[in-house]
Each structure stands twice: as structure tokens, then as C-alpha cells.
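Hi,

Here is the structure we talked about.

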Amino acid sequence: MYLCYIDESGTSSIPGNTSHYVLAGLSIPIWDWKQSDRSINELRQKHSLSEAEIHTAWMLRKYLEQDRIPGFEAMSYQKRHVAVEQKRNAELLRLQRSNNTKHYRQTKKSYSKTADYIHLSYDERVAFIAEIATCVSGWGSARLFAECIDKIHFGAGKRRKSVDEQAFEQVVSRFEQFLENSGDGSEKRYGLLIHDNNQTVAARHTELMQRFHVAGTLWTKVENIMETPLFVDSALTSMVQIADLCSYAIRRYLENGESKLFDMVFARADRRGGKAVGVRHFAPKSCRCKICSAHRASSERSEPVQQALSLDET
Ligand SMILES: [Zn+2]
């Protein structure tokens, strides 16, 4: 049995405030789950993040108030925490008095999303996320699946599906093909999708999955994935947070060319015959990014049918 943890990065609306929408699934066989989960927890403990949700985008922001605390780096975690909270409370009070409601609300939200990380400096947070990515890149049995949609390219064609539907259908198809084609064929491999609980997505993906079970996706029958996705609270489920890290790293690479985290998570992309079939960039054919190059790479072995080709539409 394989568990595939799914999360997204960027907005699926067009144009939205990101150029890309990435839906990523990280598959882990249940016999390696315990060890993988333990290795993440060890890293959390090391950085006093045992109770915290690893939300990569929020962790990798700069917290300006930290720069305004003299000697911040030399303080203990506890002193840093107190000092940042003081600065933040003072700022909220100031904004409340200024009657700038929008700014006040945004600031309050950003403070609450980052409250668990304020004892770590920016460099320490960057190092922590890199340690997690390094750890994941070493999980030999884990496989990464992702559909990375360039929304400008997507918007240029006539599409019957929404960005979100195409992404989900692709990830399901690629995971299904992995289950179908991996192993020695002696026994059937089963998979289960596990998703962050987001009410709008939950209803839509459940409905789509029910349809796939009856009629297959556009690309494949669904025989190996069981059930509709299970929805969990990402704040409590480490592996969904790791899927979040993967989707974030892919989007930042495609949008900003940041390759450090990307290279580590892309190492886990499902590969077949020398091709990274598990991850696709839905972009113009002229794209020369690492995903497109690895997805098109010619087969070293001569396999009669390349699953990657059968799953691609342009
Ligand atoms: Zn590309």
C-alpha cells in the first residue's frame, strides 16, 4: 500500500497572484512511513518546532521585527520569542490606533501564521527547510508526482477543464500509472490519496475521484487507487506539510529560478526509462526548464510505450 500526500502551491484562479499553479503528491509506501515520519520529527525537535506546522512559505518570509531587535542572534530561543512578541504587540496596537483596518488584519494574520517560528532567525529557518528537503531527497522509496501549470499558457488555449481539475486528473493518473507499472507484477499495488482539508477542494476532488472510479481519467483506468481522497488537518499531519514543501519548491523554481530546494525534491520525481514521468510542466513546447528537459529526456532503455507520452496533452 502506498500513501500519496497531496498539496498545492499558488492559486488555481486565472490570473490570480501567481503565474503557476502546482499540485504535488508525495507517495510513501506504508512500510517506510514510520521511519520517514520519525526523521521529520527529529529535525523538528532539533529546532524546537515539535508542535509547529511546517508551512514553508510562511517560514521562509523575513520577519522584519527580528532585524529591529539588537543582539537577536545571540539571545536564547525563549528570549527571542518574548522580544519578537513585544514588538509585534506594539505594532498591532499602533495599527489599531491608526484605523487602517485592512493593514491591521493582514498584519495580524501574518503574525498568527508565523508565531511558531519567531524563535528562529531567518537563516535558521532557511537551514531547517533545507534539512527537511535533504531528508526527503534521501527517501529512496518515496515518489513525487506533480502537475505544474503555467496559467498564461493554459489560458491561451480552449480548455474544457479548470486548472484545478486538470492538475488533479494528472496527479491521479501519474500515481495510478506508477502503481500499475512498478514492482515485479507478482502482486497488485494499492494506493490512497491524502489531502489537506480545504472545504472547496474536498467536495470537488471527492466528486472527481468518484467519476474516475467509474469511467477512468482521460488517460487511464483507475484500478489501483482506492477510495476518494482522505482529508486531514495539515496542521496535524506532517506528511501533508512535506507535500506542501514540495509544491512550494517546484513553484518557486518555475517562477523565480530558485533551484536549491527544487533540486532536492525533484530527485524523488517518479522516473521511468530515464524520463521524469511523474512531474510535468504544462508550458509552451519551447520551455527548457529542468522539469521539461527531464520529462522529455530520451529513454536509455528501449521501452515500447512511454507512459509519459500517453499522459501528455499540449
Ligand atoms: Zn518547463
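**Helix α8 against helix α9**

α8 passes α9 in a right-handed crossing. Bear in mind that this is a predicted model. α8 covers residues 163–181 and α9 covers residues 199–215. Their axes come within 11 Å and cross at roughly 50°. The two helices are therefore oblique to each other. On the α8 side, the contact uses Asp-164, Glu-165, Phe-168 and Val-172. On the α9 side, it uses Arg-204, His-205, Leu-208 and Phe-212. By class, that contact has four nonpolar, one polar and three charged residues.

**Helix α4 against helix α5**

What angle do α4 and α5 make when they pack? The angle is about 160°, and the axes are 9 Å apart. That makes α4 roughly antiparallel to α5, because an angle over 145 degrees counts as such. α4 passes α5 in a left-handed crossing. From α4, the contact takes in Arg-88, Glu-91, Leu-92, Leu-95 and Gln-96. They meet His-103, Tyr-104, Thr-107, Lys-108 and Tyr-111 in α5. These residues divide into four nonpolar, three polar and three charged.

The loop between α4 (77–98) and α5 (101–114) holds Asn-99. Asn-99 is not a glycine, yet its phi is positive, at about 65°. Most residues other than glycine have a negative phi. Is Asn-99 buried or exposed? Asn-99 counts as exposed, because it has 8 C-beta neighbours inside 10 Å.

**Helix α6 against helix α10**

α6 (residues 122–137) packs on α10 at an angle of about 100°. Their axes are 11 Å apart. α6 and α10 are therefore roughly perpendicular to each other. α6 contributes Ile-129, Ile-132, Ala-133 and Val-136 to the contact. α10 contributes Ile-242, Leu-245 and Ala-249. The class count is seven nonpolar, no polar and no charged residues.

**More on α10**

α10 runs over residues 238–256, which is 19 residues. From its first C-alpha to its last it reaches 26 Å, close to the 27 Å expected at 1.5 Å a residue. α10 is mostly covered, with 16 of its 19 residues buried. Just after α10 comes Gly-257, with a positive phi of about 70°.

Tyr-248 has its place in α10. Tyr-248 counts as buried because 26 other C-beta atoms lie within 10 Å. Which residues does Tyr-248 touch, leaving out those up to four places away in sequence? They are Ser-9, Thr-56 and Ala-57. Lys-188 is 60 residues from Tyr-248 in sequence. In space, Tyr-248 and Lys-188 are 32 Å apart, C-alpha to C-alpha.

α1 has 17 residues, which should span 24 Å at 1.5 Å a residue. Its end C-alpha atoms are 25 Å apart, which agrees. α1 is followed by Ser-48. Ser-48 is in the loop between α1 (30–46) and α2 (56–59). Its phi is positive, about 55°, although Ser-48 is not a glycine. Ser-48 counts as partly exposed because it has 15 C-beta neighbours inside 10 Å.

**A cis peptide bond**

Which two residues does a cis peptide bond join? They are Ile-14 and Pro-15, and omega is about 0°. Pro-15 sits in the loop between β1 (2–9) and β2 (20–29). As a rule, most peptide bonds are trans.

**Thr-228**

Where is Thr-228 found? Thr-228 is in the loop between α9 and β5 (230–232). With 18 other C-beta atoms within 10 Å, Thr-228 is partly exposed. Not counting residues up to four places away in sequence, Thr-228 touches Thr-206, Met-209 and Gln-210. Thr-228 and Leu-144 are 84 residues apart in sequence. Their C-alpha atoms are 20 Å apart in space.

**Places to look at in the viewer**

- The α8 and α9 pair, oblique to each other.
- The α4 and α5 pair, with its left-handed crossing.
- The α6 and α10 contact, with no polar and no charged residues.
- Ser-48, with its positive phi.
- Asn-99, also with a positive phi.
- The cis bond between Ile-14 and Pro-15.

Best wishes

Conventions
Residues numbered from 1 in each chain as written. Predicted model: local features only at pLDDT ≥ 70, side-chain atom pairs only at ≥ 80, totals over all residues. Axes fitted to C-alpha atoms, helices over the stretch in contact; angles between N-to-C directions. Helix = DSSP H or I, 4+ residues; strand = E, 2+ residues; numbered from the N terminus. Parallel < 35°, antiparallel > 145°, perpendicular 65-115°, else oblique. Left-handed = near helix turned anticlockwise from the far one by under 90°. Contact = placed C-beta atoms within 7 Å. Nonpolar A, V, L, I, M, F, W, Y, C, P; charged D, E, K, R; others polar. Expected span 1.5 Å × (residues − 1). Buried ≥ 20, exposed ≤ 12 C-beta atoms within 10 Å, placed from the backbone.
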